[in-house]
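Dear colleague,

Please find the structure below, handed over for your study. My findings follow it.

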Amino acid sequence: MNTPEFQGTNLWERLHWAKDNLEPVQTDYRVVFENDVDSPASILVADPNWMACALQGGILPPVWVYWLLAADEAHPDFKKHTRGYLLHDTRPIGPLTEEQAIEYLIYKDVPRTVWENYNVGNKPKLVICNKSQLPQTREWRNAWGISDEVVSGNSKTVQQIEKQDGLDLTEMFSNELNRSKVYA
Amino acid sequence: MAGKIIADQIQSTAAGTVDTKYVVDGRKGFCNFNQGTSAITDSLNTSSLTDTSAGKGAINWTNAMGNANYTCTTGTGTVSTSAYVVSLNDDAAFVARTSSAWSFQTNYANASTSAIFDSNFSICAAYGDLA
């Protein structure tokens, strides 16, 4: 099924269209990350309806839209979003592979402090695995962590995402942060 | 053939008139999930589930809410065969709620004990303004 031309259509309406027309996709990928040394590892599970949107293409906004909204929300004077149009009016991204969708989800739903420097330190703070690699019961859930034996390879960087969309996000973020500082 | 009905108000013969925006303006997202297996069963406007620890986690929204002041109604399943009160609660006291993520914890309690636990059936629905 082809996705209608959705640029300018409210994202929420797009999600309704997807729920009515797309089969949910349960991925076996899981993202394990450590956000805080004093807390157990977190497990990120992709939503099946969201995954269907990502694989279909033409529905979800580029991930940098979420970053800009997060920057707005971090502003001390934030009351409510006034740039929601970024979600609705920005040209939606095309179809992703399952692996690309997981990567997108990391940039959207994992704290930036984790993925930005995930591979700096004695061991990675974030790994993508198959759900069969997780403990098969919830026993000692509050003691789960990423194994010291995990060695992660290099991955796509933020700069590569910028290049994909022809954007200079470093500059955009810098501007947003500076704006926050001015008003702080 | 697909069609469209355009109306600003709906009128009842007994209860007067209501603006359609109050009729249409229902839930903005929901998530039915199983933390025992870390899986989402069904949803609307949910991008992912973050399972942070036993009985704790967050629902991440695809279309962010207007701000963090939205409402979530919740429900959760019982604990095996024991007589406990169970609830899925907002965890904003410990994990900041944002327009794009709702943090929760699932609790059970009776007269003598209480704990946070992984529920095999939890539901939440978000109401409020979207971004």
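In chain B, strands β3 (residues 29-34) and β11 (residues 122-127) pair in the antiparallel sense over 5 bridges. Strands here are DSSP E runs of at least two residues, helices are H or I runs of at least four, and both are numbered from the N terminus; two strands pair if DSSP finds at least two bridges between them. Within β11(B), I123(B) is the bridge partner of N32(B).

This is a predicted model, in which local features need pLDDT of at least 70 and side-chain atom pairs count only at pLDDT 80 or more, while totals for chains, interfaces and linings use all residues. Residues are numbered from 1 along each chain as its sequence is written, and chains are lettered from A and ligands numbered from 1 in the order in which they are written.

The two strands belong to an open, antiparallel sheet of 4 strands in chain B, with the order β4-β3-β11-β7. Its edge strands, β4 (39-44) and β7 (71-76), each pair on one side only. Overall, chain B has 1 helix and 11 strands.

Of the 131 residues in chain B, 38% are buried, meaning that 20 or more other C-beta atoms, placed from the backbone, lie within 10 Å of the residue's own. W102(B) touches A58(B), I59(B), C72(B), R97(B), C124(B) and A126(B), leaving aside residues up to four places away in sequence; such a contact requires C-beta atoms, placed from the backbone, within 7 Å.

Yours sincerely

Notes. A residue is buried if 20 or more other C-beta atoms lie within 10 Å of its own, exposed if 12 or fewer, and partly exposed in between; C-beta atoms are placed from the backbone. Two residues are in contact if their C-beta atoms, placed from the backbone, lie within 7 Å.
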